[in-house]
Amino acid sequence: MNLKKFAIAAVASLFATGAWAGCSFENSVPLKSLTAGFAAWKAVTSAMAECGNVESELDQEFRTKQPAAFAAQPALYHIGGVSNGTHVPLLNEGTTRPLDDLVAKYGGHLSPNQLIRVDGRTMAVAMMVNAQHLMYREDILNDLGIAVPATYEEVLAAAEAIKQAGAVDYPLGGTYKTGWNLAEEFVNMYLGHGGEFFAAGNQPAIDNEKGVASLEMMKRLTAYMDPEYLVSDSTYVQQQFQQGKVALANLWATRAGAMDDAAESQVVGKVKMASAPSIEAGGRPASTLWWDGIVIAKNITDEEADAAFRVAMEGIDREMVEANNAAAVWLIDGFQPGAMAAGAAATAANGAVPYPASSQMGIMHSALGNGIADFLTGAKDAATALADIEAEYLTAAKEKGLVQ
């Protein structure tokens, strides 16, 4: 997929049994889905529920639950929401089914760039692209005469000025929660430095100057964050913005719409979007491009798979997008990019690369999530932390047969 072209151009559950006024058919097959819980998935699962007999579980920990749930006999869910990273474990275990026959039957409205093909087979249907981009309080920057930061040195300078002015509780928000979130921050920063994660034979390649520089920049940024940054995930930072506690953050584009939700935001109209910062002026943004989309479980009946795919198509149709245009950078016909999509589009246009999803990267991501906090808290220096992360990666990669 040309993700650059695409981007340019809490736990909740929903249950429905008979309401299908907004659906083109009445579903009679009981179905369950497991997805993330951000606004775009809320919109999609709400649209699916209109068909009836659909139970949707929205859970930010979905990525840890899906592999076992889809491997069960029968699978515990029929429909899964995945990204280009969380798709890999399901592919490796062979627990999702090829969709070409179902696309031919019910997916005539899909564009070719929504069809995620692996080894020539359609294994997922993408509905949107996502990226971490810079969100900023326009009013605060204007009041202090600060230009929108384009590099991380400019972010740090802006944060210092905001701190000195006492404009907010913490100048920066950061998705630094230990585990997946913290690892993603390193991935972004390391790619922004031009780093490569692996050498020949899947050998790890992060214990180097670029790896050290990435860790050091991450630590410098924490000086302007809530001291509890190691428990700060996307929802945490979103709420900090909505409550007027932070002024800058590199946050997911899917969170942008929440800034103008008058029901929960105190900063409606004040938060704007820009490209993710780069390390050097004119350099690659320190962010990665992701797609999110639908997969169908393998370990279910063909009847269930047919109904699940048909319901999923109702969830990602034009009608849903027109009602939820600002919830995501949609890949669906009818999407009209607006101000909330500007940061993701700029991040892609400035050269951000797709997240390098693979089996070995999944192992590396886990090792990073486990090991970076020791550097940030001062328990280890950067070189030791990186060496230990590489050692953890090697142990797991050898067990999986990825490294000899």
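A residue is called buried under 20% relative accessible area, exposed over 50%, and partly exposed in between. The model discussed here is predicted.

1. Overall form. The secondary structure of the chain comprises 15 helices and 14 strands. Its radius of gyration is 21 Å, close to the 22 Å given by the globule rule for 404 residues, so the chain is as compact as a globular protein of that length. Along the principal axes, the C-alpha atoms occupy a box of roughly 60 × 55 × 35 Å.

2. Of the 404 residues in the chain, 54% are buried. The chain exposes about 16,100 Å², and carbon and sulfur atoms account for 50% of that area.

3. Helix α2. This helix spans residues 39–49 and is mostly covered, with eight of its 11 residues buried.

4. The disulfide. How many disulfides does a search of the whole structure find? The search finds one. It is formed by C23 and C51, whose sulfur atoms are 2.0 Å apart. The link of C23 and C51 is right-handed, with 80 degrees about the S-S bond. C23 belongs to the loop between β1 (12–16) and β2 (31–35), and C51 to the loop between α2 and β3, so the pair ties together parts that are 28 residues apart in sequence. C23 counts as buried because its relative accessibility is 8%; C51 is likewise buried, at 0%.

5. The loop between α2 and β3. N53 is located in this loop, where C51 is also found. Phi of N53 is near 60 degrees, a positive value in a residue other than glycine. At 24% relative accessibility, N53 counts as partly exposed, because the cut-off for a buried residue is under 20% and that for an exposed residue is over 50%.

6. Glu57. E57 is part of strand β3 (residues 54–58). Its relative accessibility is 22%, so E57 counts as partly exposed. The side chain of E57 makes a polar contact with the side chain of Y77, at 2.7 Å. The C-alpha atoms of E57 and G37 are separated by 8.2 Å, although these residues are 20 residues apart along the chain.

7. Backbone features to inspect. The peptide bond from Q73 to P74 is cis, with omega near -5 degrees. P74 is placed in the loop between α3 (62–71) and β4 (79–83). D119 has a positive phi of about 55 degrees although it is not a glycine. D119 occupies the loop between β5 (115–118) and β6 (121–137), and at 77% relative accessibility this residue counts as exposed.

Note on methods:
Residues are numbered from 1 along each chain as its sequence is written. This is a predicted model: local features need pLDDT of at least 70, side-chain atom pairs count only at pLDDT 80 or more; totals for chains, interfaces and linings use all residues. Side-chain values use heavy atoms; hydrogens and water are left out. Helices (H or I, at least four residues) and strands (E, at least two) are DSSP runs, numbered from the N terminus. The radius of gyration is taken over C-alpha atoms; the globule rule is 2.2 Å times the number of residues to the power 0.38. Buried means under 20% relative accessible area, exposed over 50%, partly exposed in between (1.4 Å probe, protein chains only). Accessible areas come from the Shrake-Rupley method with a 1.4 Å probe; for residues, only the protein chains shown count as cover. A polar contact is a pair of N or O atoms within 3.5 Å; within protein, one must be able to donate a hydrogen and the other to accept it, and residues adjacent in sequence count only if both atoms are side-chain atoms. A disulfide is a pair of cysteine sulfur atoms within 2.5 Å.
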